[in-house]
Amino acid sequence: MFVAGGWQRTEGGVLLVAATLAFFRLDGSWLLYLGLFLVPDLSMAAYAVGPRTGAVVYNLAHSLILPLVLMGAGFAFAAQWAVLAGLVWLAHIGFDRMLGYGLKSAQAFGITHLGMIGKARHQTL
C-alpha cells in the first residue's frame, strides 16, 4: 500500500523517465536537457514578494498545463525546440514530484499537496 503521496511520487518518476526518453528519442542534446532542467525552479524567486505570490508563480511553473501547451504549440507549428523544452519541463516536474516536492500552499513553502517538506515537516514530527 502506498503512503500519502506515494502514488503521485510514483507517477512523478514515470513522468521523469517518459519525458526524458521522449526528449532523447527526438534527438535532444544532453547540453540542452541539462541547461533547461532547473529553469522552472527560478520561479522560487517570487517568494521574495511573499508566500502567496511565491506559491502562485511556483505552482504555475510546476503544473503540467504550461509545458503541455508549449508542446502542443510546438507540434502545431512544427517547432521542435518547443516540444523539446516542454519535455524537459515535464521531466523536471516529474523529478520534483518523485522527490515529494508538490504544488505549494499559499500558507508556507513547506506545505505541499504531497505533504510537508523541509522545516515544516520536521516541526510536525
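In which helix is Thr 20 found? Thr 20 is found in helix α1. The views below come from a predicted model.

**View 1. Thr 20 in helix α1.** Helix α1 covers residues 6-25. Thr 20 is buried, at a relative accessible area of 15%. The cut-off for buried is under 20%, so Thr 20 qualifies. Which residues does Thr 20 contact once neighbours within four places in sequence are left aside? They are Tyr 33 and Ala 91. Tyr 33 belongs to α2. Ala 91 belongs to α5.

**View 2. Helix α1 against helix α2.** Helix α2 spans residues 30-37. The two axes come within 10 Å and cross at roughly 140°. That angle makes α1 oblique to α2. Angles over 145 degrees would count as roughly antiparallel. The crossing of α1 and α2 is right-handed. From α1, the contact takes in Leu 16, Thr 20, Phe 23 and Phe 24. From α2, Trp 30, Leu 32, Tyr 33 and Phe 37 take part. By class, the residues of this contact are 7 nonpolar, 1 polar and no charged.

**View 3. Helix α2 against helix α5.** Helix α5 runs over residues 80-98. At what angle do the axes of α2 and α5 cross? They cross at roughly 55° and come within 9 Å. Helix α2 is therefore oblique to α5. The crossing of α2 and α5 is right-handed. On the α2 side, the contact is made by Leu 32, Tyr 33, Leu 36 and Phe 37. On the α5 side, Leu 84, Ala 85, Val 88, Ala 91, His 92 and Phe 95 meet them. This contact of α2 with α5 holds 9 nonpolar residues, 1 polar residue and no charged ones.

**View 4. His 92 in helix α5.** Is His 92 buried or exposed? His 92 is buried, with a relative accessible area of 0%. Phe 37 is one of the α2 residues in the contact with α5.

Conventions:
Residues are numbered from 1 along each chain as its sequence is written. This is a predicted model: local features need pLDDT of at least 70, side-chain atom pairs count only at pLDDT 80 or more; totals for chains, interfaces and linings use all residues. Side-chain values use heavy atoms; hydrogens and water are left out. Helices (H or I, at least four residues) and strands (E, at least two) are DSSP runs, numbered from the N terminus. Buried means under 20% relative accessible area, exposed over 50%, partly exposed in between (1.4 Å probe, protein chains only). Axes are lines fitted to C-alpha atoms, for helices over the stretch in contact, and angles run from 0 to 180 degrees between N-to-C directions. Angles under 35 degrees count as roughly parallel, over 145 as roughly antiparallel, 65 to 115 as roughly perpendicular and the rest as oblique. A crossing is left-handed if the near helix is turned anticlockwise from the far one by less than a right angle, and right-handed if clockwise. Contact means heavy atoms within 4.5 Å. Ala, Val, Leu, Ile, Met, Phe, Trp, Tyr, Cys and Pro count as nonpolar, Asp, Glu, Lys and Arg as charged, and the others, Gly among them, as polar.
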